[in-house]
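Subject: A structure for you to explore

Hi there,

Here is the structure I promised to send you. Have a look at it first, and then read on for what turned up in it.

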Protein chains: 2
Amino acid sequence: MEIERKFLISTDQLPFRPEDFPCRRIEQGYLCTRPVVRVRRDNDDFYLTYKSSGLMVREEYNLPLSPEGYEHLKSKADGRIIQKKRYEIPLEGGLTLELDIFEGDLAPLVIAEIEFPDEESAKSYQAPDWLGKDVTYSPEYHNSTLSRM
Amino acid sequence: MEIERKFLISTDQLPFRPEDFPCRRIEQGYLCTRPVVRVRRDNDDFYLTYKSSGLMVREEYNLPLSPEGYEHLKSKADGRIIQKKRYEIPLEGGLTLELDIFEGDLAPLVIAEIEFPDEESAKSYQAPDWLGKDVTYSPEYHNSTLSRM
């Protein structure tokens, strides 16, 4: 189960430099959007991901792929292949901010996600101002939607 | 985890009539074969299935699809779409025989599978003569291989 909130970021408002934190290169494409069936390269790991429907709460499975299986399935993706850098920034309370800086024709889009252990803490979380607009309930900021735009 | 043995059947050697047992109509296609990424229609249910590599023992996930998601992913399948009737026949010891009667250009192929709760019982199972040739370790009788032949 994945429980997360999502924010639209202006990088010039961040109180830190993303480059000071660990970074992964992510590439992903979508074979289906309802439900989500996605292939992702995460540095040198490859996954098939399935996500059930839903905005804040979704059931998620990440299943390993071979590099060849990834390339084969990627060739079947609809729309664009998304490329982004993901920075992991520790927050107070044991939370982690995943900061996604999109590349290619989705630049300069930046989206932040925070994953929570349960719905209560997700709903009650008081976001600092620099996190920008809360787009948790905006399907247009799902990566699956961005892949088709 | 799926632990199964597989047998090649001649229907004229069966000690029962398949039509006397419950039957489901199955249609399936493969998006990837290593690992297996499969879409299946099972009567009026639709699934995305992921299977890790392996012959007798494989990790398996069955994830629900919408009818539209199924049709969309099926259009991306490699090779042929497999259609078969599956009969479920109870065996001694609480086991179930799944008898797959293939249709279309794979006819008159018939394959039987027995699923076991653990590897020990799979290995020690004494198959009756009418079950025919044991093809558990023959990748050419995997449905994923049949989809490409």
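Predicted model: local features only at pLDDT ≥ 70, side-chain atom pairs only at ≥ 80, totals over all residues.

Which residues of helix 1 of chain B are buried? They are B:Gly69, B:Tyr70 and B:Leu73. Looking down the axis of helix 1 of chain B, you would see these buried residues fall within an arc of 100 degrees, so they line one face of the helix. B:Pro67 and B:Glu68, on the other side of helix 1 of chain B, are exposed.

What covers that buried face? Part of the cover comes from chain B itself, including its strand 2, strand 3 and strand 4. Chain A takes part as well, and the cover includes its strand 2 (23-33) and strand 3 (36-42).

Helix 1 of chain B, which spans residues 67-74, lies across strand 2, strand 3 (36-42), strand 4 (45-51) and strand 7 of chain B. Its direction is at about 130 degrees to strand 3 of chain B.

**Where the two chains meet**

How many residues of chain B are in contact with chain A? There are 15 of them, and they touch 15 residues of chain A. On the side of chain B that touches chain A, strand 2, strand 4, strand 6 and helix 1 of chain B each give two or more residues. Helix 1 of chain B gives the most, with three residues. Sorted by class, this side of chain B has 10 nonpolar, three polar and two charged residues.

**The sheet of chain B**

Chain B has an open sheet of nine strands in the order 5-1-9-8-7-2-3-4-6, with antiparallel pairing. Strand 5 (57-58) and strand 6 (60-64) of chain B are the edge strands, and each pairs on one side only.

The hairpin of strand 7 and strand 8 of chain B has five residues between the strands, and in it B:Gly93 takes a positive phi near 80 degrees.

**The sheet of chain A**

Now turn to chain A. Its open sheet is formed by nine strands in the order 5-1-9-8-7-2-3-4-6, and the pairing is antiparallel. The edge strands of chain A are strand 5 (57-58) and strand 6 (60-64), each pairing on one side only. Helix 1 (residues 67-74) of chain A packs on the sheet, where it touches strand 2, strand 3, strand 4 (45-51) and strand 7 of chain A. The direction of helix 1 of chain A makes about 130 degrees with that of strand 3 of chain A.

A:Arg25 stands opposite A:Lys85 in strand 7 of chain A. The hairpin that joins strand 2 to strand 3 of chain A passes through two residues.

There is also a record to go with this chain. An unreviewed UniProt entry annotates residues 1-149 of chain A as "domain: CYTH". In the model, the end C-alpha atoms of residues 1-149 of chain A are 27 Å apart, and the span is 12% helix and 44% strand.

Last, look for B:Gln13, in the loop between strand 1 (2-8) and strand 2 of chain B. Is B:Gln13 buried or exposed? It counts as exposed, because it has 10 C-beta neighbours inside 10 Å, and the cut-off for exposed is 12 or fewer. Beyond its neighbours within four places in sequence, B:Gln13 is in contact with B:Trp130 and B:Gly132. B:Gln13 and B:Ile89 are 76 residues apart in sequence, and their C-alpha atoms are 15 Å apart in space.

Enjoy exploring!

Key. Residues numbered from 1 in each chain as written. Chains lettered and ligands numbered in written order. Pairing = 2+ DSSP bridges. Helix = DSSP H or I, 4+ residues; strand = E, 2+ residues; numbered from the N terminus. Contact = placed C-beta atoms within 7 Å. Axes fitted to C-alpha atoms, helices over the stretch in contact; angles between N-to-C directions. Nonpolar A, V, L, I, M, F, W, Y, C, P; charged D, E, K, R; others polar. UniProt positions renumbered as here; feature names shortened; annotations may be inferred. Buried ≥ 20, exposed ≤ 12 C-beta atoms within 10 Å, placed from the backbone. Arc of directions from axis to C-beta.
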